[in-house]
Amino acid sequence: MRISFLPLLLLALPLMEIAGFVIVGRQIGALAVVGLVLASAIAGSLLLRHQGLGAMARARAEIEAGRDPSQQLAHGAMIVLAAILLIVPGFLTDIVGLLMFLPPVRDLAWKFLKSRITVVSGFGMRRPRERTIDLDAEEFSRKPNPESPWRRLTDD
């Protein structure tokens, strides 16, 4: 029998966050705690914009080079998750979110997840850069074709 710890974690996380607010609030005061929560939410949104755009640019570069972009896409997803964790009020989620913004932590998470995820894609296959269609002179005409089925639709 296998027990999933995710529901237990989802129930315990708000309680741990409340306990964190109480402990930190006693040390620095309630107003400072509110300021820290607001600062972490702003930092999360700014980091999401800056690092998220960078991750998407790196993924696009991998695609254009004909390589597998799955690691860069996973990094982008982890950056989004990290930003959400920073925006959500709480000190424990902020710590996990800040750690996920660090590239070595994301690389470690990718090494752990890579063996558990199956990526099926056409990436890695080289595609020609130019898309040239070679036509002979008799195959190309700028005149309307009266036999075209598209032409008949407009005549009705």
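Predicted model: local features only at pLDDT ≥ 70, side-chain atom pairs only at ≥ 80, totals over all residues.
A residue is called buried under 20% relative accessible area, exposed over 50%, and partly exposed in between.

**First stop: Leu9.** Please select Leu9, which lies in helix 1. Its relative accessible area is 46%, so Leu9 is partly exposed.

Two or more residues of the nonpolar patch are supplied by each of helix 1 (6–28) and helix 4 (91–100). Helix 1 provides the largest share, 4 residues.

Next, display the side chains of Arg67 and Glu62, which are joined by a salt bridge with an N to O distance of 3.0 Å. Across the whole structure, the search finds 1 salt bridge. Arg67 has a relative accessible area of 45% and is therefore partly exposed.

Now select Asp134, Asp136, Glu138 and Glu139, which form a patch of negative charge on the surface. Within this group, centre the view on Glu138, found in the loop that runs between helix 5 (103–114) and helix 6 (149–155). Is Glu138 buried or exposed? Its relative accessible area is 66%, so Glu138 is exposed.

Note on methods. Residues numbered from 1 in each chain as written. Heavy atoms only, no water. Patch = residues over 30% accessible without salt bridge, like charges linked within 9 Å, V, L, I, M, F, W, Y side chains within 5 Å. Areas by Shrake-Rupley, 256 points an atom, 1.4 Å probe, with all protein chains shown as cover. Salt bridge = Lys/Arg side-chain N within 4 Å of Asp/Glu carboxyl O. Lys, Arg positive; Asp, Glu negative; His and termini not counted. Charge placed at Lys NZ, Arg CZ, Asp CG, Glu CD. Buried < 20%, exposed > 50% of the residue type's maximum accessible area, 1.4 Å probe, protein only.
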